[in-house]
Amino acid sequence: MKRLFTIAAALLFLVGCKQSDNQSVDMNPDFLKIATDRYSVRSFSSTPVAQDTIDLILRAGQVAPTAVNSQPQKIYVVKSEEKMALLNEASPCMYGAPHCFVVCYTDANAVKRGEGTYGEIDATIVLTHMTLEAASLGIGSCIVGYFDEGKVRSALRIPDSVHPVLLLPFGYASPDALPSDRHASYRDLTETVEYR
Ligand SMILES: Cc1cc2nc3c(=O)[nH]c(=O)nc-3n(C[C@H](O)[C@H](O)[C@H](O)COP(=O)(O)O)c2cc1C
């Protein structure tokens, strides 16, 4: 009896696998549209973003997947003019944004990976969620890797155990903001994808 049950369970599993192989997936047009329409905003209006909106963007980061759900991210939200002036000295890529997220990871919570950790990868995934949520709310942003880490650290008094990974200046795009020529230039899937 037990054997029969095991065989039946195995058959059901195989049928399930087969079905999921062949299932056609309904595209979520809303998500793909948000992902496609998002672009790096490099000209912002000075209009501040409401705290409710900032909270939704932070929530999207909070639910992002991280290695072993370790959530090693630490996000500094820079809103004051005084601190934004310091970030402007740390990077030429603030583009007049009224606010900026400084997305970091902490040694304390990052999961080990060989000699290093998953911290940078996790922080980047968190930032990606935030960028896309921002876009869905009509908030522009630009991922910025070009910054002077020392200046960012001293501007925000970031301890040595916390590592800035990327900056995300954000706000409302100014009326003259346009996607760069690079925005919609995609390598063909045949170049970037291989089925094995
Ligand atoms: C890891 C990373 C670092 C980046 N650093 C910068 C940067 O320092 N300054 C900048 O203006 N854009 C930066 N970008 C934005 C890219 O240039 C941009 O995403 C790319 O050209 C595609 O354009 P799009 O975002 O408008 O689609 C960065 C993007 C990524 C993913």
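**Fold, sheet and ligand shell of the predicted chain**

The chain has seven helices and six strands, where helices (H or I, at least four residues) and strands (E, at least two) are DSSP runs, numbered from the N terminus. This is a predicted model, in which local features need pLDDT of at least 70 and side-chain atom pairs count only at pLDDT 80 or more, while totals for chains, interfaces and linings use all residues. Residues are numbered from 1 along each chain as its sequence is written. Starting at the N terminus, the elements follow one another as α-α-α-β-α-β-β-β-α-β-α-β-α. Of the 196 residues, 27% count as buried; a residue is buried if 20 or more other C-beta atoms lie within 10 Å of its own, exposed if 12 or fewer, and partly exposed in between, with C-beta atoms placed from the backbone. Two residues are in contact if their C-beta atoms, placed from the backbone, lie within 7 Å. Among contacts between residues at least 6 apart in sequence, 81% join residues at least 24 apart.

Next comes the sheet. Strands of a sheet pair through backbone hydrogen bonds, either parallel or antiparallel. Here, four strands make an open sheet with the order β1-β2-β6-β5, and the pairing is antiparallel; two strands pair if DSSP finds at least two bridges between them. At the edges sit β1 (73-78) and β5 (140-141), each of which pairs on one side only. Helix α5 (residues 119-136) packs on this sheet and touches β1, β2 (99-106), β5 and β6, its direction making about 10° with that of β6. For such values, axes are lines fitted to C-alpha atoms, for helices over the stretch in contact, and angles run from 0 to 180 degrees between N-to-C directions.

Strand β6 has partners in both β2 and β5. With β2, the antiparallel pairing runs over eight bridges, and His 99 stands opposite Phe 170 of β6. With β5, strand β6 (residues 162-171) is again antiparallel, over two bridges. In that pairing Gly 140 faces Gly 171, and Ser 141 stands opposite Phe 170. Eight of the 10 residues of β6 are buried, so this strand is largely enclosed by the rest of the structure.

Helix α5 also packs against another helix, α2. Two packed helices are described by the angle between their axes and the distance between the axes. For α2 (residues 29-37) and α5, the angle is about 100° and the axes are 9 Å apart. The two helices are therefore roughly perpendicular to each other; angles under 35 degrees count as roughly parallel, over 145 as roughly antiparallel, 65 to 115 as roughly perpendicular and the rest as oblique. On the α2 side the contact uses Ile 34, Ala 35 and Asp 37, and on the α5 side Leu 132, Ala 135 and Ser 136. Sorted by type, these residues come out as four nonpolar, one polar and one charged. In this sorting, Ala, Val, Leu, Ile, Met, Phe, Trp, Tyr, Cys and Pro count as nonpolar, Asp, Glu, Lys and Arg as charged, and the others, Gly among them, as polar.

Then there is the ligand. Of the 13 residues around the ligand, Tyr 39, Ser 40, Gly 145, Tyr 146 and His 183 come nearest; a residue is near a molecule or strand if its C-beta atom, placed from the backbone, lies within 6 Å of it. The shell is made up of seven nonpolar, four polar and two charged residues. Pro 92 belongs to the loop between α4 and β2 and counts as exposed, with 11 C-beta neighbours inside 10 Å.

That loop between α4 (81-90) and β2 also holds Tyr 95. Tyr 95 has a positive phi of about 55° although it is not a glycine, and it is buried, with 21 other C-beta atoms within 10 Å. Arg 157 is another non-glycine residue with a positive phi, near 50°. Arg 157 sits in the loop between α6 and β6 and counts as exposed, with 7 C-beta neighbours inside 10 Å.

Helix α6 (residues 149-156) contains Arg 153, which is partly exposed, with 18 other C-beta atoms within 10 Å. Leaving aside neighbours within four places in sequence, Arg 153 is in contact with Ile 158 and Pro 164. The C-alpha atoms of Arg 153 and Ala 90 are separated by 9.4 Å, although these residues are 63 apart along the chain.
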